[in-house]
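Welcome, and thanks for taking a look at this one with me. Here are some notes to read alongside the picture.

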Amino acid sequence: MSAYITLELEHILKEILQVVKPQQDDRSTRLQVINELQGVVESVESLRGATVEPFGSFVSNLFTRWGDLDISIDLPNGAYISSAGKKRKQNLLVDFQKALRKMGGWRRIKYIPNARVPILKFESSRQSISCDISIDNLQGQMKSKLLFWISEIDERFHDMVLLVKEWAKAHDINNPKSGTFNSYSLSLLVIFHFQTCEPAILPPLRDIYTGNVADDLQETCATNIRKFRQNRTRKVNRSSLSELFRSFLAKFSDIGLRASELGICPYTGKWEYIRSNMRWLPKTYAIFIEDPFEQPENSARTVSMGNLTRVSEAFERSCRTLSSADQNRGSLLATLVPPQVSQYIARATPLRSPTYNGRPTYNGGRYHPQPTHPQVYRNMHTPSQTQHQFQNMRLETPQTQHQFQNTRVETRSNYSTVTRPVQANHNQGQQRWRARSDR
């Protein structure tokens, strides 16, 4: 692949990120929805004392401007429902659904009682934010925090996840309802790619997360991540985003053939033979991507055998397109993003393609493309500008700069995330959140 095509692809990927990365208004809108849902919860007698706790991509900071909200209604005083209490979860969701309809302001309400985790889906009428509500989803909250901490190891992980999600949507393989990947399994594929590239960017997750939730999760993960990053004998991978994206597509372009014998295991950071892995047998899935935080569950269980070929073809076709010199901007965008994202990019002020003194590289947590016109990227969102932080959830590592402005999401001793509204600061006009004092 020519240096020109590599640089052009790098430039387009950054344009895509500029469009899909959320802005402060996008975060504020979601915080407002969370606050409104807390009000609905407080109106339900059977949910007295319960709190609305976000998780998923919003908490892991892997959401786009169009991302939905995953919400757990956490019951008070540690009154958590075991898996045997699925019927009670269903009943509580029915009560919540009635309150939503009564209060108004919510549309497209759909109750899904027989899902693995019973959920209520709906959309806020005013903000047009889609929401999925579940009861006491502590596993989801834990996974979200772990993904957030993993993204602090290397900022390219965050960008790759956003790009891979948009690419998958462009090829209609990011829809578990139609038998393809969910977003969580795509994130695990990116983790696995970063574990298996040369040199590795991420360690096997067993080196970060011991698998024992009874441990002090935050302290254990922080210690292990710090140990990994301070290892001076470790080779540093300086691949650009475009190089990592193309190698991601190449790595999984034959996934249709590999999936019959090999499973993807982010916990060990290796391809594992299914027949020699007793916890995966009997094999009943088209593809196996083990959930490292809920072993031996298959995060890709929604992928059907009939769609596995289409998934594999999407990887192979995209890899071929991005490796070809006979491509223009339009064909590259059509490969990388859905039409609506292309339209956003087309409406945006065109960015001039920079002239590079060499290929874009990565060093110490930042890209260094060295454009002759540095103002080209003046509107790009850097971690320090977006300022995301989950206080008491954030790992104290040197390059961590994510902070939620005017937001505090604190960690309880049982590892769920507690959010509670507090008195608004009228000078800033923003809603702030703090942990309940009785937790």
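1. A word to start with: a residue is called buried here when its relative accessible area is under 20%, and exposed when that area is over 50%. With that in hand, take helix α7, where the buried residues are Ser185, Leu186, Ser187, Leu188, Leu189, Val190, Ile191, Phe192, His193, Phe194 and Gln195. Please keep in mind that this is a predicted model.

2. Let us stay with α7 for a moment. The helix covers residues 183–196 and spans 20 Å from its first C-alpha to its last, close to the 20 Å expected at 1.5 Å a residue. It is mostly covered, with 11 of its 14 residues buried. What covers those buried residues? The elements include the helices α5, α6, α9 and α11, together with the strands β6 and β7. At the start of α7, a side-chain oxygen of Asn182 comes to within 3.3 Å of the backbone nitrogen of Tyr184.

3. Now step back to the whole protein. Its secondary structure comes to 14 helices and 11 strands. Of its 439 residues, 54% are buried. The protein exposes about 19400 Å², and carbon and sulfur atoms supply 47% of that area. Among contacts with a separation of 6 or more, 66% are between residues 24 or more positions apart.

4. Next comes a sheet to trace by eye. Five strands form an open sheet in the order β1-β2-β5-β4-β3, with mixed pairing. β1 and β3 stand at the edges with a single partner strand each, so one side of each has no neighbour in the sheet. From one strand to the next, the twist averages 25°.

5. Follow the β3 end of this sheet. β3 (residues 106–112) and β4 (residues 119–124) run antiparallel and are joined by five bridges. They form a hairpin, with six residues between the two strands. Lys121 is a handy landmark: this β4 residue is the bridge partner of Lys110, and its bridge partner in β5 is Asp132. β4 and β5 (residues 130–135) also run antiparallel, joined by four bridges.

6. Val52 stands opposite Ile73 in β2. Which way do the residues of β1 point? Thr51, Glu53 and Phe55 point one way, Val52 and Pro54 point the other way, and all are buried. In a regular strand, side chains alternate between the two faces of the sheet. Helix α5 (residues 138–151) lies across β1 and β2, running at about 45° to β1.

7. Finally, some backbone details deserve a look. Most residues other than glycine have a negative phi, and most peptide bonds are trans. Asp136, in the loop between β5 and α5, has a positive phi of about 50° although it is not a glycine. Asp172, in the loop between α6 and α7, also has a positive phi, of about 55°. Are these residues buried or partly exposed? Asp136 counts as buried because its relative accessibility is 8%, whereas Asp172 is partly exposed at 42%.

8. The loop between β7 and α11 is worth a visit as well. Pro282 lies there, and a cis peptide bond with an omega of about -5° joins Leu281 to Pro282. Pro296 is also in the loop between β7 and α11; a cis peptide bond joins Gln295 to Pro296, with omega about 0°.

Definitions and conventions. Residues are numbered from 1 along each chain as its sequence is written. This is a predicted model: local features need pLDDT of at least 70, side-chain atom pairs count only at pLDDT 80 or more; totals for chains, interfaces and linings use all residues. Side-chain values use heavy atoms; hydrogens and water are left out. Two strands pair if DSSP finds at least two bridges between them. Axes are lines fitted to C-alpha atoms, for helices over the stretch in contact, and angles run from 0 to 180 degrees between N-to-C directions. Contact means heavy atoms within 4.5 Å. Buried means under 20% relative accessible area, exposed over 50%, partly exposed in between (1.4 Å probe, protein chains only). Accessible areas come from the Shrake-Rupley method with a 1.4 Å probe; for residues, only the protein chains shown count as cover. The expected span of a helix is 1.5 Å times one less than its number of residues. A polar contact is a pair of N or O atoms within 3.5 Å; within protein, one must be able to donate a hydrogen and the other to accept it, and residues adjacent in sequence count only if both atoms are side-chain atoms.
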